[in-house]
Amino acid sequence: MNHSSDHLLIPAEFYFQASVEIPWQADLDKDIQHKKHPKIDNELPNLMFEESDSKNTVQFFVAWNEEGICLQVNAEKKNFPSQPGTLTDPTKGDRIDFFIDTRDLKTNHRASKFCHRFTLLPPGTRGKRKQSALMIEQEISGNRTYREMTQPEQIPTWDSSSKEGYQVSCWISKAYLEGYDPEHVPSLGFYYVMHDLDFGTRLFGVGENFPATTDPSLWPSLKLVR
């Protein structure tokens with residue numbers, strides 16, 4: 001990660017614990033199942049602490065209700081079509097890894113049964129074939145608990161694309177989020193890592209020098225508000 005304040009002994013991310021309010025919204029799952037992108041107003045902030053690249057634009061949105069959460073990505077001004085990985089090997093291509101801790105425990109340095117990793121393969125081309133977006137659940141390295149992984153067909157996903165980019169909306173039901181309980185735990189630990197030919201690596205918080213993909217104590221918090 002390139003920081004504008006490289007002289008700091010402690011990376012800028014550690015000067016505060018990032019916390020973002022996420023809006024409640026009805027009918028998120030219905031919109032996606034009816035092939036519509038839910039309109040979510042609150043964009044997640046850029047936590048990379050670097051100057052923005054005006055040539056490339058990517059936005060992340062999250063909304064919630066009692067039945068689950070919606071993840072939305074809007075990638076614009078791309079120079080090349082996405083070249084996503086495959087169902088059997090999602091790491092071999094463009095992808096976005098989302099990490100969610102339904103209990104938002106900042107004291108645990110190892111992923112628990114409440115921690116989830118979902119990998120979004122964006123719409124794009126592989127060889128001469130067009131590929132629609134899909135979401136895959138994967139294990140988190142070091143997590144010693146066993147849970148049957150959610151299958152892609154269990155995560156409703158809708159995408160639209162053009163020559164300059166794409167938009168993807170995904171619905172993750174509470175049935176596939178162990179410990180999801182907004183009434184009693186109105187907060188989620190949340191982190192993402194985007195790997196993209198155009199955008200490079202984009203992160204929601206601390207950089208690749210830290211074990212953020214396995215340590216949920218490093219994930220920013222999403223506050224579920226109504």
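Predicted model: local features only at pLDDT ≥ 70, side-chain atom pairs only at ≥ 80, totals over all residues.

What pattern does the chain follow, read along the sequence? I went through the elements one by one and got β-α-β-β-β-β-β-β-β-β-β-β-β-β. That makes 1 helix and 13 strands in the chain.

**Entry 1: burial overall**

Of the 226 residues, 50% are buried.

**Entry 2: the four-stranded sheet**

I traced an open sheet of 4 strands, and its order is β2-β3-β10-β9 with antiparallel pairing. Which strands sit at the edges? They are β2 (57–65) and β9, each pairing on one side only. I also checked the angle between neighbours: on average, neighbouring strands of this sheet are turned by 10° against each other, direction ignored.

**Entry 3: β3 and its two partners**

I took β2 and β3 next. They form a hairpin, with 2 residues between the strands, and they pair in the antiparallel sense over 9 bridges. On the other pairing, strand β3 (residues 68–76) is joined to β10 by 8 bridges, and this pair runs antiparallel too.

I then went for single residues. Ile69 of β3 has Trp64 opposite, and in β10 Ile172 stands opposite Ile69. So I can read Trp64, Ile69 and Ile172 as a row across three strands, with the cut-off for burial at under 20% relative accessible area.

**Entry 4: Ile40, a loop residue**

I picked Ile40 to see what a loop residue does here. Ile40 is in the loop between α1 (28–33) and β2. Is Ile40 buried or exposed? The relative accessible area of Ile40 is 6%, and the cut-off for buried is under 20%, so Ile40 counts as buried. I also took a distance from Ile40 to Ala63: the two are 23 residues apart in sequence, and their C-alpha atoms are 6.8 Å apart in space.

**Entry 5: the nonpolar core**

How many residues does the largest nonpolar core have? I get 46, and Leu44, Phe98 and Phe190 are the ones with the most contacts inside it. I listed the elements that each supply at least two residues of this core: β1 (19–23), β2, β3, β4 (95–101), β5 (115–121), β10, β11 (187–196) and β13 (221–225). Which of them gives the largest share? That is β11, with 6 residues.

**Entry 6: β5 and β8**

I moved on to another strand pair. β5 and β8 are antiparallel, and 5 bridges link them. Arg117 has Gln138 in β8 as its bridge partner. I checked how covered β8 (residues 134–138) is: 4 of its 5 residues are buried, so β8 is largely enclosed by the rest of the structure.

**Entry 7: the cavity**

How many cavities of 30 Å³ or more does the structure hold? I find 1. The largest cavity has a volume of about 90 Å³. Arg117 and Gln138, the bridge pair from the last entry, both line the largest cavity. The largest share, 3 residues, comes from β5.

**Entry 8: the largest pocket**

Last stop, the pocket. Its volume is about 280 Å³ for the largest one. Which residues lie nearest the centre of the largest pocket? They are Pro81, Pro123, Gly124, Ser161 and Ser162, out of 17 lining residues. The elements giving two or more residues to this lining are β6 (124–126), β7 (129–131), β9 (157–162) and β10 (165–173). I looked up the top contributor as well: β9 gives the largest share, 3 residues.

By class, the lining of the largest pocket divides into 4 nonpolar, 8 polar and 5 charged residues.

Notes. Residues numbered from 1 in each chain as written. Heavy atoms only, no water. 1 Å grid on protein atoms, 1.4 Å probe; cavity = no way out; pocket = protein on both sides within 12 Å on 5 of 7 lines; lining within 4 Å. Points joined across faces, edges and corners; volume = space filled by probe spheres on them. Nonpolar A, V, L, I, M, F, W, Y, C, P; charged D, E, K, R; others polar. Pairing = 2+ DSSP bridges. Axes fitted to C-alpha atoms, helices over the stretch in contact; angles between N-to-C directions. Core = buried A, V, L, I, M, F, W, Y, C linked by side-chain atoms within 4.5 Å. Buried < 20%, exposed > 50% of the residue type's maximum accessible area, 1.4 Å probe, protein only.
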